[in-house]
Amino acid sequence: MKKPILFLFILLYINSFACLNLYFSVDHEGHLHEITDFHETFRRFNKNFNLKRIQDKLEKLQLELENEGHYQLLSDYAVLLMKAGEVELSRDLLISLYHSHPDEYQLAANLGTAYELCGEVDSALKYIEKGIELNPNAHEGSEWVHIRILKTKQELQLDSNYLEKNTVLQLSENDENDSLVLNQIFIQVHERFPFSPGPKDPIMASLLVDLGDCFANIMSIEYAKAIYTLAKNYYGDDSPSTQKKIDMMISKRMEFNPIQPERHVNLQGEVIKLSGISQSRMLDDNNKNNFEIDWSRIQLNTDTLLNWANVTPFVIEVEDSIAPGPIAIVDETIEGPVLGETQSNYWLWIVVICCILPPLFVLLYRKKRNQ
């Protein structure tokens, strides 16, 4: 009697793990797409960083740096400082690290990000481009998005209204229908989100609108609506065009409501058509308790940290444009005498004057007497 009961228990146990929910959504043309894997593994956009975890990691790395002194430990330390808001210190550490190991992609890319967070766009672009040279496939080939962001920031320095007539990514129709482009934009937006708090960020708003367009065309009007709404509510995009996109997705939902996925007879689960993805589904708060780092426990001295990692401090290059100060510039194209030539000409004129003026005065004196 015990064996049949045990067998039944095992069978029920196995079947409980065989249950599977299938999730479907419709694109802007009403085509159904199964998005089970994407929906179940969706990575929420992080509003902030987990500062408690960052402090714990910094303290651990600090001990390892003192004992082991490896430069990669300092690289990780600098990234954590960047996430904690110490962007200038992170930048200074990464400058020396990069110039000690100029062929490492991570150092070039992280230095570019540090420059951007410090507001030094030209230097940021230089090192992000260097990172792409070292590793074109990094972040699944998505760094072209970062390049477009930096070039947009350059445009905004020249014209503050640039984004009123342009988008950050300038996607083509083919781009908006390419699942690879969707994935690459999602990667970059996801990484940038905690560095870009609201309530107003036109660049992030533009990126989200482009991402929403891709979702609408390729996968899901529900995700598209949620992402457009983030652009509006979280990053302050009050443009009529974005509101029109939100209204369009709501209209499409009603239009395509009769379209339903087929039921699977043998499926131990449900077939679910998505409808209404809330903003809470899209966002995650990693610092709910408003934890603040105790900086008295963290080493912040640049020289000490570099010394622990056996990295030579780098004298900042002028082209990195991060250390303004008196700079002597010699332009060899300027025509004219140099200092030594000027002094020689000065004495030449004295000799000429001394030789010519006395006889001239004598001549004029005699002429006057003869008159």
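Trainee: Where in the chain is the place of Pro-199?

Mentor: Pro-199 is in the loop between H12 and helix H13 (202-218). Helices here are DSSP runs of H or I with at least four residues, strands are runs of E with at least two, and both are numbered from the N terminus. A cis peptide bond, with omega about 10°, joins Gly-198 to Pro-199.

Trainee: What kind of model is this, and how are its residues numbered?

Mentor: This is a predicted model, in which local features need pLDDT of at least 70 and side-chain atom pairs count only at pLDDT 80 or more, while totals for chains, interfaces and linings use all residues. Residues are numbered from 1 along each chain as its sequence is written, and side-chain values use heavy atoms, with hydrogens and water left out.

Trainee: How many helices and strands does the protein have?

Mentor: The secondary structure comprises 18 helices and 5 strands. Of the 371 residues, 39% count as buried; buried means under 20% relative accessible area, exposed means over 50%, and partly exposed lies in between (1.4 Å probe, protein chains only).

Trainee: Which residues other than glycine have a positive phi?

Mentor: Gln-170 is one of them, with phi near 50°. Gln-170 sits in the loop between helix H10 (162-165) and helix H11 (173-176), and it counts as partly exposed because its relative accessibility is 39%. Another case is Asn-310, whose phi is about 55°. Asn-310 belongs to the loop between helix H17 (302-308) and helix H18 (339-370), and its relative accessibility of 65% makes it exposed.

Trainee: How is a pair of aromatic rings described, and how many aromatic pairs does a search of the whole structure find?

Mentor: A pair of aromatic rings is described by the distance of the centres and the angle of the planes. Rings of Phe, Tyr and Trp (its six-membered ring) pair if their centres lie within 6.5 Å; planes under 30 degrees apart count as stacked, over 60 as edge-to-face and the rest as tilted. The search of the whole structure finds 16 aromatic pairs. Tyr-115 and Tyr-127 form a stacked pair, at 5.6 Å centre to centre with 20° between the planes. This pair links distant parts of the chain, since Tyr-115 lies in helix H6 (residues 105-117) and Tyr-127 in helix H7 (residues 121-134), 12 residues apart. Both Tyr-115 and Tyr-127 are buried. Phe-215 and Tyr-223 also form a stacked pair, with 5.7 Å between centres and 25° between planes.

Trainee: Why does Tyr-223 count as buried?

Mentor: Tyr-223 counts as buried because its relative accessibility is 0%. Phe-215 is buried as well, with a relative accessible area of 0%. Ring pairs link Phe-215 and Tyr-223 into a cluster whose members include Phe-38, Phe-186 and Tyr-235.

Trainee: Where is Asp-237 found?

Mentor: Asp-237 is in the loop between helix H14 (221-233) and helix H15 (240-255), and it is buried, with a relative accessible area of 14%. Contact means heavy atoms within 4.5 Å. Leaving aside neighbours within four places in sequence, Asp-237 is in contact with Ala-205, Val-209, Ala-231, Lys-232 and Thr-242. The side chain of Asp-237 also makes a polar contact with the side chain of Ser-239 (2.6 Å). A polar contact is a pair of N or O atoms within 3.5 Å; within protein, one must be able to donate a hydrogen and the other to accept it, and residues adjacent in sequence count only if both atoms are side-chain atoms.
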